Structure formats: C-alpha cells, structure tokens
Amino acid sequence: MPDKKPDLIDQNLQDLNDDGVDRRGFLKCMAWAGTGLVWTMSGGIPVSGAFAKSYGKGAGKAGDFTFVQISDSHIGFNKPANPDVTATLQTAINKINAMPQKPDFIIHTGDLSQLSKPSEFDTLDQALKGASAKQIYFVPGEHDMLSDNGEQFLERYGKGTKGTGWYSFDHKGVHFVGLVNVANLKAGGMGSLGHEQLEWLEDDLHGRSASTPIVLFAHIPLWTIYPDWGWGTDDSEQALSYVKRFGSVTVLNGHIHQIMQKVEGKVSFHTAMSTAFPQPAPGTAPSAGPMKVPAEQLQSVLGVTDVNYLVSGRSLAIVDSPLGSTGA
Amino acid sequence: MKSKNLYLATFTTTAVIAIVLLLAAGLPAESASGQPPTTTTEIKIDNFSFGPQTVTVPVGATVTWINHDDIPHTSASTEGLFKSKAMDTEDKFSYTFTKAGTYSYYCTIHPKMTGTVLVK
C-alpha cells in the first residue's frame, strides 16, 4: 500500500486500535493477504502458518468445509476506476471455480448493484450461475436499498428473511447470521442495526452452546474503522455483546473495498476487497469512493476471501486472494 | 359602367386593406410567456459532501442539487419533507421551499453527508 502520509496512518491506527495491532502488524497483514499466508484463530489466539501445508493435507476431515466471501460487486458502475465491473466479477468467479477445495457456499456481503436496478441484479445473477458453489447467501449494501428501501433486493434475495433482510442458518455445526445495517440510516450517523434486529439477534443466539462457532456477516463494518467516512456501525457494540460468551466469533464485512482485520478477544473481524474497485485507506484522500489505480494494478486490489473451517481446532482460517494472484 | 365599377372595386379593396391594417395596429402585442425566469440556487455534490453545506434562500426559492461525484447520492429532508431518487453522476433534484425555516437534509446512502437550507 502506498505510504504517502505515514503520520496520518500511524495516528489512525493508534486511534482505531487499542487491541495491540500496531502499524507494523497492520502492514504485515497486508503482505500476508497477497501471498496467501493463513492467519488462523485457534481458541482465540492468532496463529500464523503456511496455508498450503496446514490445510491441504488435513483437508477432508468430516465437518471441515470451506466457503467464500465476495463483496461489493457494484454491477452497473462504469466510471474510470473500473469501466467493466462485470468482467472483474467474472474473474473473481473463475478464481473461486479454480479453488482446489470446492466451497460449500458463497456469501456476498452487499453492494451487489450500483443503483438497485433490476438489470444490474439480473447481470449479477447471470454471472453467479457459473460459480461452482450453487448456494449463495446475500446481505444488502446501501447501494441495494435505492428503490423503495430495498424492496427490489428483498424480492430477489430476501426469502425467509425478517425485517429488512436479516436471517441465520447453520452449516455443519457453525452458526451463520446475516445482518442488515444499511436500512433507515440516520442523518450524521454510520451504519445501523436498529432495535428490532438487535432484539431478534439476542433471541437467535440465546441458548446456543458457547462452543458453537459463530459467523456474523453484514455490509458495513461492525467495528469502528473511520467514523468520518461512515465506516462503522452506531449500535454494533450491543450486537457484539451478545456474542461475547462464544468461543469463536468471526465477523465478515465489506463496504470499504479493502482488507482490514482485527482481533478482539475471541472475535476476529475481517473486511473483504471488492470485485469492482478499490477505495482509499482511511484519511488518505479527501473522501471515500472509487479510487483509480493504473490499469495493470487493478487486479491486485480486487479479490475474494476463502474461509476454511477446521473442525479439529474449531477455527476459521481466512485467506484473501487478489484477482491477479495465482493459486487460492 | 366599367370605369365606375372599377373605381368602386378599387375603393373597396383599399378600404378593406386599410381597415385590416388599422385593426392589426390596434391589437395588443403578444404578451411574454409567464413570469421572468426564476433563479435556482445550486448545491453541488462532490467528494461525499454538499457544497455549500449551508445555503440561505428567500421564501419561494428553488434549490437544485446536482451530483458531480462518481458515486450516487440522495438529498432527503430529516423531517421527511422531501427525498430525491438516487442521483447518479450529473443527475439533478430540485425542491421549492414555500415556507420560512431551517431545513436539515442528508444523503440517505451516506448519512455522514449533511447540509442545511435556511429559508428567510
């Protein structure tokens, strides 16, 4: 990542992190994302290891599975930062299809479309038909809410969901919760879950064994990354308090179009790259929004995330792969 | 006879033309269509912000938001008085303020973007 304003980055990291991840650690994470080095959670303690070694051999144990997170496809966007977002989405799908271990399903963490247009959702659906994983779970981004508060989105992707589109499901012993924090946003605020959804979440988690691995996914980050740009959720603290007692919690988000990771106790947070266009690092540009990079670099700042659940350690290993890299 | 008839015809034609000309001269000039053009106050949207963030306009004024950003935005009153559709780049939205007051608005997609229209 270009280091144009080191002081600002340091300050931001200091402000954002009282969790021990300093600038050096942050930059290390960025390098890991490019090489596919795994940063696994094992009982809440991060343990690094070469991905191919640890996963490839041990794969196949009953209960082990893998799924993929993609985000921010923004179908319909056609400005200089990426004139063909459908093509880069296709590259992402090809990358998923080339993964040695077929993912059980795909999670799309929102901003499927640019303007909530039916044609944009149609194009996305068409492209995803070619993915190796046929089960796809969605949560909306703010760009998917532009036609009558997300009616279009709910019609297409909201079957069985509640309220503005929240839901949960279980897969091989892992409990997944899709949350919506892009509806009814208040002036001057950031993302918002709302009272009704929080009540539902508390109820949904009630009574579950603390050893159940939990995965929360929502569009806007559920931790405060950069309030000035709206990169956070006003009432996420309450949501996180409900998962505090669990032994393994993974939070997957999108919205910021770059990888950010944080570990806080037994909760590991991860934001994914977009398949459409990158955004600037916090505070390094006048505002958030599409960031133009030289054409030959575009594939390196877009990507997909492979998440591997290993029963033995009840751990989820998160591996980010830029579109331009070879191998998973 | 012939010359008398010719005289009469010429006189009548001349008279008719004269009357027509007189009538034409008397007709009022076509009025200008409507009122003089109304000026609209423009608020430019760029880099995730409204510029100027605060505008002051007289009662009855029209404010037009125009999006120069490369991402869509909206303009919505915090009191629910108006709400634009999503404006893509170069799209516009106008609202006429008929009552004095302070009107807060924001972008419903990126709620950190806020602005005020003061109507005096």
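A residue is buried if 20 or more other C-beta atoms lie within 10 Å of its own, exposed if 12 or fewer, and partly exposed in between, with C-beta atoms placed from the backbone. This is a predicted model: local features need pLDDT of at least 70, side-chain atom pairs count only at pLDDT 80 or more, and totals for chains, interfaces and linings use all residues. Residues are numbered from 1 along each chain as its sequence is written, while chains are lettered from A and ligands numbered from 1 in the order in which they are written.

**The sheet**
- Six strands form an open sheet in chain A, ordered β6-β7-β8-β9-β11-β10, with mixed pairing.
- Strands β6 (167-171) and β10 (260-264) of chain A are at the edges with a single partner strand each, so one side of each has no neighbour in the sheet.
- Strands (E, at least two residues) and helices (H or I, at least four) are DSSP runs, numbered from the N terminus.
- Two strands pair if DSSP finds at least two bridges between them.

**Strand β9**
- In chain A, all five residues of β9 (249-253) are buried.
- A:V249, A:V251 and A:N253 cover one side, and A:T250 and A:L252 the other.
- In a regular strand the side chains alternate between the two faces of the sheet.

**Its partners**
- β8(A) pairs with β9(A) in the parallel sense over four bridges.
- A:L252 in β9(A) stands opposite A:F217.
- β11 (residues 267-271) of chain A also pairs with β9(A) in the parallel sense, over five bridges.
- There, A:V267 is the bridge partner of A:V249.
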